[in-house]
Amino acid sequence: MEHLIERVKPLVKPERFAHILRVAELARQIAGANGLDGERAYLAGILHDAARDLPPERLFELAPPEIPLEREHPKSLHGRAGRRLAEGWGVSDPEVLEAIEGHVYGVDPTYPIAMAVYVADVSEPGRGVNAEIRERALAGDLLGAYREAVETKLRYLQSKGIPPHPRTFSAYKKLVQG
């Protein structure tokens, strides 16, 4: 794991790296509180924002845009680009890779480690928001916390005038239908 941490650190700004460490630790705690493998959640947390500070041209190279929204908002590609980096570094665990890619858009609820990382990303203490989502996940209600996190992200994007990615709507539909 240490070698992956050392690969991520030079790719991101110091503030981002501090966020990554907080997400990884919170994801581990959330996983443990919900009977999941904390080390897999920690690994996904370490890798989730590996590509976040890359320039748009590098993001496009790692994760070519599939829809106009992705070209207009290159940062929306950082999860998919991060997945490609992780695969290149030898990470093969499908749920860890799904967590890395899906933390931007939302994930299928059949991937609980990925849900733990998503929740940790939106509620880590350094953000100063969403403490109730974090507490819900740490109390063992991961699915409820995840649903609330996706709803919060949708509201946030809409308040900023940023159109949500179609995969975010897809993830939300699976939550309300499931």
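In which helix is the place of A41? The close-ups below start there, in a predicted model.

**View 1. A41 sits in helix α3.**
Helix α3 covers residues 38-47 and holds A41. With a relative accessibility of 0%, A41 counts as buried; the cut-off for that class is under 20%. Setting aside residues up to four places away in sequence, A41 touches A27, R28, A31, I113 and V117. L26 is 15 residues from A41 in sequence. The C-alpha atoms of A41 and L26 are 8.9 Å apart.

**View 2. Arginines lie over the ring faces of Y42 and F60.**
R28 lies over the face of Y42 and is 3.9 Å from the ring centre. R28 is also one of the residues that A41 touches. R71 lies over the face of F60 at 4.7 Å from the ring centre.

**View 3. E70 in helix α5 is a buried residue with polar side-chain contacts to R80 and H165.**
Helix α5 runs over residues 68-72. Is E70 buried or exposed? Its relative accessibility is 1%, so E70 counts as buried. The polar contact between the side chains of E70 and R80 is 3.1 Å. The one between the side chains of E70 and H165 is 2.8 Å. Leaving out neighbours within four places in sequence, E70 is in contact with F60, P64, P65, S76, L77, R80, Y105 and H165. F60, listed there, is the residue whose ring face lies under R71.

**View 4. Y118 and Y146 form the one aromatic pair found in the whole structure.**
How far apart are the ring centres of Y118 and Y146? The distance is 5.2 Å, and the ring planes meet at 80°, so the pair is edge-to-face. Y118 belongs to helix α8 and Y146 to helix α10, so the pair ties together parts 28 residues apart in sequence. Both tyrosines, Y118 and Y146, are buried.

**View 5. N130 occupies the loop between α8 and α9.**
N130 is not a glycine, yet has a positive phi of about 65°. A relative accessibility of 14% means that N130 counts as buried.

**View 6. Helix α9 has the buried residues I133, R134 and A137.**
Helix α9 spans residues 131-138. Viewed down the axis of α9, its buried residues fall within an arc of 100°, so they line one face of the helix. An α-helix has 3.6 residues a turn, so residues three or four places apart point the same way. Which helices do the buried residues of α9 pack against? They pack against α2 (14-33), α8 (112-123) and α10 (142-159). Just after α9 comes G140, with a positive phi of about 100°.

**View 7. Helix α11 has the buried residues T168, A171 and L175.**
Seen down the axis of α11, these buried residues fall within an arc of 65°, so they line one face of the helix. The buried residues of α11 pack against α10, the helix that holds Y146. Helix α11 has 12 residues, 166-177. At 1.5 Å a residue, α11 should span 16 Å; its end C-alpha atoms are 16 Å apart, which agrees.

Definitions and conventions
Residues numbered from 1 in each chain as written. Predicted model: local features only at pLDDT ≥ 70, side-chain atom pairs only at ≥ 80, totals over all residues. Heavy atoms only, no water. Buried < 20%, exposed > 50% of the residue type's maximum accessible area, 1.4 Å probe, protein only. Helix = DSSP H or I, 4+ residues; strand = E, 2+ residues; numbered from the N terminus. Arc of directions from axis to C-beta. Contact = heavy atoms within 4.5 Å. Expected span 1.5 Å × (residues − 1). Polar contact = N/O pair within 3.5 Å; in protein donor to acceptor, adjacent residues only side chain to side chain. Phe/Tyr/Trp six-rings, centres within 6.5 Å; stacked < 30°, edge-to-face > 60°. Lys NZ or Arg CZ within 6 Å of the ring centre and 35° of its normal.
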